[in-house]
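Welcome! This short report walks through a ligand and the pockets of a protein. Have a look at the structure first, and then read on.

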Amino acid sequence: MTFVMNELAGLSQVSRLPGFEDATPDTVAAILEEASKFATDVLDPLNQSGDREGAVRLPDGSVRTPAGFKDAYLQFTANGWNGLTKNPQYGGQGLPQLVSTPVEEMWHSSNMAFDLCPLLTQGAIEAIELAGSDVLKKTFLPKMVSGEWTGTMNLTEPQAGSDLAAVRTRAVPQPDGTYRLHGQKIFITYGEHDYTDNIVHLVLARLPDAPPGVKGISLFVVPKFVVRDDGSLGDRNDVKCVSIEHKLGIHASPTAVLAYGDHGGAIGYVVGEINHGLEYMFVMMNLARFSVGMEGVGISERAYQRAVAFARERVQGVPVGRAPTDGTTAIIEHPDVRRMLMTMRSLTEAMRAVAYVTAAALDNAKHQPEAEARAQHQSFAEFMVPIVKGWCTETAQRVANLGVQVHGGMGFIEETGAAQHVRDARIITIYEGTTAIQANDLIGRKTARDGGAVAKQLIAAIEATADDVSATTDADLIAIGSALRTGAASLTKSLHWLLESYSASAREAFAGSVPYLQMWGTVCGGWQMGRAALFASRKLAANEGDANFLRAKLVTARYYTDALLPEAQALAAKVTGAGRSVLALSAAQF
Ligand SMILES: Cc1cc2nc3c(=O)[nH]c(=O)nc-3n(C[C@H](O)[C@H](O)[C@H](O)COP(=O)(O)OP(=O)(O)OC[C@H]3O[C@@H](n4cnc5c(N)ncnc54)[C@H](O)[C@@H]3O)c2cc1C
């Protein structure tokens, strides 16, 4: 984590940005150390018990979280973890995203179901801070930043999932300037729980005379308990948890069906301007999508650590190339087990590097003094967010599945914990927009809209890294540079095809959107592994740092470029050549 933060994402540059003066190396090291202790001592021991016990809805509509979770939440907020990046004006610590990202990774690794509550609260805080009135900010933000109250995001309805234009929840204006909300929201993460006295729901709804589609959606704050002028809790609002879902994974995280307005209407306060709700939601979703990508990194790291520990312990067979008289050894000696572990490890390292570099861009996009520099970082971050979300979550499926395979039959048995990672990871390619929705965003708003301008800049940066890495006599670095150049060529070929096809044969372009996203993730992973190899070799040459760690970094970078980066060529073939057959059958022929 510290290697990626310091060498690849540029922590020292980020901490020189105005507002981030407190992010000194000592402070950051202390934060990571404390986070590691909290994850190890408090969150991780609850992960499997929480999965087994699950959240339970009681007959009165309240929800009981698994044993230990409420106490862990109270410790979490008491230690100030909730407001790490939040505005100091509301009690936050104002630290860079780059610092909170490894911390978040630890929460996801140790207990993803737990961290979903703070994750959603962050999103709700962002929305209110972005567009809420001063009164809303004063009433809700300090308590949400401290974690005394939690937040939720209420977008989904039975007929409105990926397509939010179909939202039907009604918001009826009242003479006092408030609104009364009626409708049903489904799949609401931590929509009801026992951690806190109040829950602040951020709800998408329509005014009775709103235009149809996305231009008629507004955003509302609907607290579970109405807040009096003095800040104390007043009446119970007309929103209740009707049920919670039985799910494949993240059992400790309650996923609620919420009914609004069965008794006259839930009192809501509009956030920003009416009919602009979806715009605000999208700004805030950028960060939420990034965080879900980090769930992929966190789960992958944990699955890898578990698999390595098992592979060292489990004794089975005589590895090929060893004499039978050597006797049986741990499975980590089998070449194929090595292949699986190397794949898990190098994919996780590549994902982490891509994500942390994006985190640094998010910080620069907000804190650079010059507008032009801010805009440049913003466009890079916006290009990368669907990749971090889509690629890291899809890759986490692969890594978590390999984790089960390393365990053999025991991987299929719940007590090892490997299976839980597969089950927990399965949701992350779905919520906060499915992989297809990320890919649609990447080919449309992020690639075609600017004629591929940002994409071309990024390809140029990847090619420059390939040149830097190759400018040596070291055979490993030369091989890495060459593979990276081939990866960049796959991007260029696909980009040209896409720019031509996006309007001319849109359905074919969209048939290749997910492979296009996967290809970008794969090559950006190679880009960052190439940079990592370069830094590692320079440090080794200068006799700096931990030689064992740096040599291993060179090996994982070489493995990534030998074995994983070439997948970009196959993905390019899918982007440019498979669309017609994807679409050739009629719906009835399936
Ligand atoms: C555990 C859990 C927690 C959740 N938490 C929340 C929450 O806190 N708040 C909230 O509001 N929602 C939440 N959701 C809802 C989640 O965001 C949606 O399930 C998700 O956006 C997908 O919508 P859907 O389920 O209706 O699937 P659909 O939209 O019906 O999609 C079904 C399939 O069709 C594909 N598809 C749909 N449209 C397109 C398109 N335009 N192009 C290409 N493919 C398309 C999808 O990719 C998918 O493969 C949660 C869901 C779950 C399961």
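## A word before we start

Helices here are DSSP runs of H or I with at least four residues, numbered from the N terminus. Please keep in mind that this is a predicted model.

Let us begin with the ligand, which sits in the largest pocket. The elements that each give two or more residues to the shell around the ligand are strand S3 (150-154), strand S5 (179-189) and helix H12 (435-448). In total, 19 residues surround the ligand, and the closest are Met153, Thr156, Ser162, Phe187 and Thr189. Sorted by class, this shell holds 9 nonpolar, 8 polar and 2 charged residues.

## Contacts with the ligand

Ser162 has a side-chain N or O atom 2.6 Å from a ligand oxygen, and for the side chain of Thr434 the corresponding distance is 2.7 Å. Leu155 takes part through its backbone, where an N or O atom lies 2.8 Å from an oxygen atom of the ligand.

How much of the ligand does the protein cover? On its own, the ligand has 970 Å² of accessible area, and the protein covers 62% of that.

## The largest pocket

The pocket that holds the ligand contains about 1200 Å³ of space. It is lined by 42 residues, and those closest to its centre are Leu155, Thr156, Gly161, Glu432 and Gly433.

H7 has the largest share, with 6 residues. By class, the lining is made up of 21 nonpolar, 11 polar and 10 charged residues.

## The second largest pocket

Next comes the second largest pocket, with a volume of about 940 Å³. Of its 35 lining residues, Glu126, Val283, Leu362, Lys366 and Gln378 are the closest to its centre.

Which elements give two or more residues to this lining? They are H5, H7, helix H8 (335-367), helix H9 (371-407) and H12. H7 gives the most, with 6 residues. The lining of the second largest pocket has 14 nonpolar, 9 polar and 12 charged residues.

Note on methods. Residues are numbered from 1 along each chain as its sequence is written. This is a predicted model: local features need pLDDT of at least 70, side-chain atom pairs count only at pLDDT 80 or more; totals for chains, interfaces and linings use all residues. Side-chain values use heavy atoms; hydrogens and water are left out. A residue is near a molecule or strand if one of its heavy atoms lies within 4 Å of it. A polar contact is a pair of N or O atoms within 3.5 Å; within protein, one must be able to donate a hydrogen and the other to accept it, and residues adjacent in sequence count only if both atoms are side-chain atoms. Accessible areas come from the Shrake-Rupley method with a 1.4 Å probe; for residues, only the protein chains shown count as cover. On a 1 Å grid over the protein atoms alone, a cavity is a set of points where a 1.4 Å probe fits but cannot get out, and a pocket is an open set with protein on both sides within 12 Å along at least five of seven lines; lining residues have an atom within 4 Å of a point. A molecule sits in a cavity or pocket if more than half of its atoms lie within 2 Å of its grid points. Ala, Val, Leu, Ile, Met, Phe, Trp, Tyr, Cys and Pro count as nonpolar, Asp, Glu, Lys and Arg as charged, and the others, Gly among them, as polar. Grid points are joined across faces, edges and corners, and a volume is the space filled by probe spheres set on the points.
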